Structures are given as structure tokens and as C-alpha cells.
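Work through the exercises below with the model in view. Try each task before reading its solution.

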Amino acid sequence: MEETSLNLTRTLIASRIGLLVREQDDTLLRKMVAERVRALNLSSTEQYCQFLGSDADIRRERKELTTLLSTGETYFFRDREQHVLLQDVILPELLERRKAERSLRIWCAACSSGEEAYSLPILLDELMTDQSRWNIFIIGTDINQDFIEKARQGIYTEWSFRGMSDARRQRYFHPHKNTWVLDGAIRNRVTFRAGDLVADEFPDYASGLYGMDLSLCRNMFIYMEPHIVFRIADKFTETLNEGGILVTGHGELYAHHLGKLRTRVFPASIVYQKGATPFALPAPVQVFETPHAAPIKPAAAKPATRKTNAAEASPPAVVATGKETAVTEMEMAWQYANQGQRDKAAKVCGEIIAKNPLIAEAHYLLALLAQERGEFTEVKSLLKKVIYLDPSFIAAYLDLGDLYAREGDDARAGKMRATARDLLQTLPGDSQVKFYGVSTVNAVLQYIEHLLSIRH
Ligand SMILES: C[S@@+](CC[C@H](N)C(=O)[O-])C[C@H]1O[C@@H](n2cnc3c(N)ncnc32)[C@H](O)[C@@H]1O
């Protein structure tokens, strides 16, 4: 296949299907295209490109290509630390929050053959003593109907248990020939259905995909084009209850500023919570503490205490345009961004920068907005600018680190994270990290240590 045809197919698969085929996956791409040309009875790659670019319903094609591209690789309790976090922190917190209604709704999206979805009723079984008094709904979905059929059966081979202790396996499964059969009581607690996260509309009341307290979508975004990632993240947000939590694989939603989702950083993982304080904390709060600034109410929740620290000691991003005006403008930009009025937010940032190009915070918000559009070259250049303007801008190092990690550049990612760690170490452990959700310095430090320790 000619290089130009290959590149065109890659572009069409990205734009029409939403799947990311990296340049290093050329061999796989050639194989996939050859297979699809054959299966569709087409005569050439060019014809396949015409098909992808046409108005034809490509839902089926997405399913076929997804099946060829993603392995469905999964196992019980994959990522042990995230499951400990679920069992020790997230599920108890959700149960506490929902105890008046005694109702809990969980969605395990892109669940493959069901191991991940079934890990949840097992965790709940170990946690709860009064499950029979609760109304617990757990649903697993995947684009691949074959995986869904397998999930419904609840029969697994040895390979699915590589993350599960023998004790758990003995308790919840019984051996049958050379397989393990899931206990019927656990199996009946999960409903499975096929669905396409790209094409389907959410919330989907007919399928029970609404009002979720917890959604998991792990190891799927890695196959997706950035613009699709953001679209799907928006769908999850709309499907979550207020206060509901989204868990992804590490670094998969490396942007921690996704509309109404805010980040919570734990040593084991970042999770996303739907709440009233999206886009992290707008910075103007730092200026309110200066003796001359007028006390304007911050739009988002304010940390209980704010202590002076190295990051805050740097000149606030407002000085040269006239403090009050710039504070108000910057606050307005954050508010627009938080309300999803991204164009307006970008316009205000542009106006601030036109008056004073040295305002790091305005460049940072522009970087977040570019991130949401999936314009990563732009994001990178803006984040670098932020760091140049304010070398103590911790969130920018963390974002850039995530961006490099996503590109597979572990060395640069490590460097960014190590710098963030060094800066964090100068701050009080219980203070909050500016622009980085509502997590404390200590929690982010532990998270960085975790990321640095799992580098390959
Ligand atoms: C690598 S598996 C991850 C399984 C499980 N979440 C885990 O982390 O162990 C990725 C899964 O995403 C599913 N998937 C890919 N694209 C999808 C889409 N558009 N809608 C729903 N599921 C999708 C694939 O079929 C596959 O089962």
C-alpha cells in the first residue's frame, strides 16, 4: 500500500471513526485495511477510503475496526492500587453519600469480557453487610457483542485471574474442568449490554445509563483520537450524578480540567468528580489576600486555608494591567470556561494577553482550552510559555508531564514531574496546589512519586 493511501486511511479512521492509529502501528494499519477491503468486497484501499469518507453509516465499521485495533485485554482487579482506592475510599464515600436513598448506580464502560465489571460486586460484597437493603445497579457495556456474550456467561480461564488473590477466587468462583465459574449471586448483580461510546447518546434512560454514582472507563481512551476522548468524557459527565466519580486508566484523561469534572488526586490514581468546582481553582483568590485588592467572591469553592508558598509567592498574573481589572477579567475567563463557553473564555484571555503578554495564568487557561479541542501542539507550546513566564507554575509542569507521557516520551515526562515534585516539596503539605483540582500538596506529591515509580 502506498504511503499516501496509508496516510489517508489513517486520517479518515481518525476523523470518521475516532480511532487513533499511531505511526508506529503502520504494520497493523496495513493489515487492518487489507482485511476490511476483503471483508467489504472492495477492490482497493482507495475504494475503502471513499467508503470511509462517504455518508455511509460507519457504526458497523467502527465496531469492526475497534475489534481489530484493541485487544480486549483485561483481567480481574487489573491495577490493584486503583481497586484498593475503590474499596477503601471511593465506594465507602459513595455508600455514605447515598445511604438515605440506599441506592447506588455503577457503570463499567468498555468492560470487555466482564472481569472489570464483576470486580465491583465483589468489592461491594466485601465492604457491605446490608446489601440486601440496598438497590444496587451495575451495568457493563462494550462495543464488542462477542465480549458481552462472554461477560454474561461469567466463565473464565486462569489468565483472567492474574490480578486476583487465590482467596478471592476460591470465595467467588468454583472450578469447572479447566475454567472458573463465577458465583451466580455475583453474576446476577451485573447487567451487560453492547453499546458504542462514540456513536450512542448519553444519558440513555432506556438502557439504564443515567444517574451514575460511579463510572469506570479504563484502558479504552488510549485507542481514541483526542477530540473523541473529550466528547466521550462529556458524555460520562452528563451521565454522572452530582458528586459522581469517573475512574479511568492512569493518565488517560490527562487533562484534569474537563468541563464539570474536577480532579481528585490520590496517591494511587487521579479520579474525576462531577462537582461545582470545575477547571480547578481560579487563581484570583491569591490576589484577594493582598491588602489592596478588593475582596471579590471567587466563582468556585475556595480552599479552607491558603498559605503563602513558593508558587503563590511569584508575581500574580495580574499586575501590569491594573489589578482589579485583570482580576475581574481573569475571573470572567474562568467563569466562561467553567460554563462551557470556551470561545468567550479564549476571547477574554486574548484580551488580557493583548494588554500584558506576561500573564501566565491567561496562557494557562488557553492551554486548557486548546487541550479540550485536542490541539496538542498548541497545548504544548502554551504550557512551555506558562513555565517560561512563571517557572513555579506547578500545574503546567504536571500537564506537560502527562502530555509527554501520552506521547511515550518517558524521559521528558519524568523531568517535568520531578520538577513539579521539587516545587511541591517547598510548600506546606496540607495546602492546595493551585490550578490542580482540590487536592493537597501531599496527595499530589504521593501521586507523582507513584507515577515516577511506574515509569518504564
Ligand atoms: C483494552 S480493553 C479494556 C477492558 C477493561 N476496561 C480493562 O481496563 O481491563 C478496551 C475495550 O474497549 C472497548 N471499546 C473500544 N472502543 C469502544 C467504543 N467506541 N465503545 C465501547 N467500547 C469500546 C473494546 O471493545 C475493548 O473491550
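**Exercise 1: the sheet**

Find how strand β7 (residues 212–217) is joined to strand β8 (residues 240–248).

Solution. Five bridges join β7 to β8, and the two strands run parallel. Strands here are DSSP runs of E, at least two residues, and helices are runs of H or I, at least four, numbered from the N terminus. Two strands pair if DSSP finds at least two bridges between them. Now widen the view: seven strands form an open, mixed sheet, in the order β6-β2-β1-β7-β8-β10-β9. β6 (190–194) and β9 are the edge strands, each pairing on one side only.

Before going on, note the source. This is a predicted model; local features need pLDDT of at least 70, side-chain atom pairs count only at pLDDT 80 or more, and totals for chains, interfaces and linings use all residues. Residues are numbered from 1 along each chain as its sequence is written.

**Exercise 2: the ligand**

How many residues surround the ligand?

Solution. The count is 22, and the closest are T74, A110, S112, I143 and N219.

Note on methods:
Near = placed C-beta within 6 Å.
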